[in-house]
Amino acid sequence: MSENKNVAFIGLGIMGLPMAKNLVKAGFQVTGYNRSPEKAQDLASAGGTAAASVAEAVANADVVITMVPDSPDVEAVVGGADGVFANAKKGALWIDNSTIRPDVAVVLADDARAAGLRPLDGPVSGGEAGAIDGVLSIMVGGEKADFDDAETVLNAIGKTIVHVGPSGSGQTVKAANQLIVASNIQALSEAVVFLEAYGVDTQAALAVLGGGLAGSKVLDQKGQKILDRNFDPGFRLALHHKDMGIVTSAAREAGVVLPLGALVAQLVASTVATGDGSLDHSGLFRGVERLSGSSDNK
Ligand code: NAP
């Protein structure tokens, strides 16, 4: 196994910055690049190095990690004369932790191999809290030998790290993850609107629901946010809208029918269309309130 000491980290947003900081804490030499440069300075203050371009960030990297919002953003940072593929060392691992379309991940993995890199698609789950605490779930697609070689790096940012198959598989599993999470938040939101309509002590209700079969990580992490009407992101509804687009279109491609997924995709789309896209995905609750006419957010 190679040493993988130098890590380049591209995209230091809500998730990327704490992930990069955890790599610093674990002893890696981390060089970060962010489109708006001040976030790279945050990494430098934590013991990393700020790079002024993607090319500069990846030049000496054994491992390159990308963590940007969507498929076109990943294409933008890996392609072109300044991109990862043209500038990373031959043999470097490229781990894309972004959530993107599985078909795009497959094409980019082929392009990466043609450029002499070893690609892994490794989208994550666990939210900002999981990124800060270094306990993300990471679903990884790619060659098993490359996955094994990435283990020490992935261990610094995640806790449940599973190789799920060839390139693109990580993104397919992540699409399923996003279907489950959005459906859970929608159900939790409907439960809270229902409980409030009956004047139930919602704090007590969520405590007991959390101990039974209705309990979930969504309830643990999002229940209090909903009760407090605190929708600071976290994971933005605009990103979950992107992900519901990924899962519904991938399902259509595969010829399978996801009725609940299609409905929840529309409900997420509605929150974005009504101006809530920059809120946390627990803000799905506001859409449920609007449907019942029970809020001041109409
Ligand atoms: P974010 O806070 O919006 O951060 C995205 C970062 O990517 C920003 O630093 C942004 O730079 C940079 N960026 C955006 N477009 C770019 C482009 N075209 N070229 C170069 N850099 C670009 O997003 P995030 O919440 O960290 O999410 C990142 C990825 O993780 C997404 O795919 C998301 O679906 C996934 N994810 C998020 C969560 C969560 O809870 N937030 C959980 C699991 C997975 P600027 O600073 O210049 O805008």
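View 1. For threonine 99, a backbone N or O atom lies 2.9 Å from an oxygen atom of the ligand. Arginine 236 uses its side chain: a polar atom there is 2.9 Å from a ligand oxygen. The protein buries 89% of the 900 Å² that the ligand exposes when taken alone. Accessible areas come from the Shrake-Rupley method with a 1.4 Å probe, and for residues only the protein chains shown count as cover. A polar contact is a pair of N or O atoms within 3.5 Å; within protein, one must be able to donate a hydrogen and the other to accept it, and residues adjacent in sequence count only if both atoms are side-chain atoms. The model is predicted: local features need pLDDT of at least 70, side-chain atom pairs count only at pLDDT 80 or more, and totals for chains, interfaces and linings use all residues. Residues are numbered from 1 along each chain as its sequence is written, and side-chain values use heavy atoms, with hydrogens and water left out.

**View 2. The shell around the ligand has 24 residues.** By type, the shell divides into 10 nonpolar, seven polar and seven charged residues. Here Ala, Val, Leu, Ile, Met, Phe, Trp, Tyr, Cys and Pro count as nonpolar, Asp, Glu, Lys and Arg as charged, and the others, Gly among them, as polar. Helices α4 (71–78), α7 (127–133) and α13 (237–254) each supply at least two shell residues. Helices (H or I, at least four residues) and strands (E, at least two) are DSSP runs, numbered from the N terminus.

**View 3. Aromatic rings pair in three places.** Rings of Phe, Tyr and Trp (its six-membered ring) pair if their centres lie within 6.5 Å; planes under 30 degrees apart count as stacked, over 60 as edge-to-face and the rest as tilted. Phenylalanine 194 and tyrosine 198 form a tilted pair, 5.5 Å centre to centre with 55 degrees between the planes. Both are exposed. Buried means under 20% relative accessible area, exposed over 50%, partly exposed in between (1.4 Å probe, protein chains only). Phenylalanine 231 and phenylalanine 285 have ring centres 6.4 Å apart and planes at 35 degrees, so this pair is tilted. It links distant parts of the chain, 54 residues apart: phenylalanine 231 lies in the loop between α12 (217–227) and α13, phenylalanine 285 in helix α15 (residues 284–292). Phenylalanine 231 is buried at 7% relative accessibility. Phenylalanine 285 is buried at 0%.

**View 4. Arginine 118 and aspartate 149 meet in one of 12 salt bridges.** A salt bridge is a side-chain nitrogen of Lys or Arg within 4 Å of a carboxyl oxygen of Asp or Glu. Here the N to O distance is 2.9 Å. Arginine 118 belongs to strand β6 (residues 118–121) and aspartate 149 to helix α8 (residues 144–149), 31 residues apart. Arginine 118 is partly exposed, at 21%, whereas aspartate 149 is buried, at 7%.

**View 5. Lysine 144 and aspartate 148 form a salt bridge.** Their closest N and O atoms are 2.8 Å apart. The two are four residues apart in helix α8, so about one helical turn separates them. Lysine 144 is partly exposed, at 44%. Aspartate 148 is partly exposed, at 28%.

Key: A residue is near a molecule or strand if one of its heavy atoms lies within 4 Å of it.
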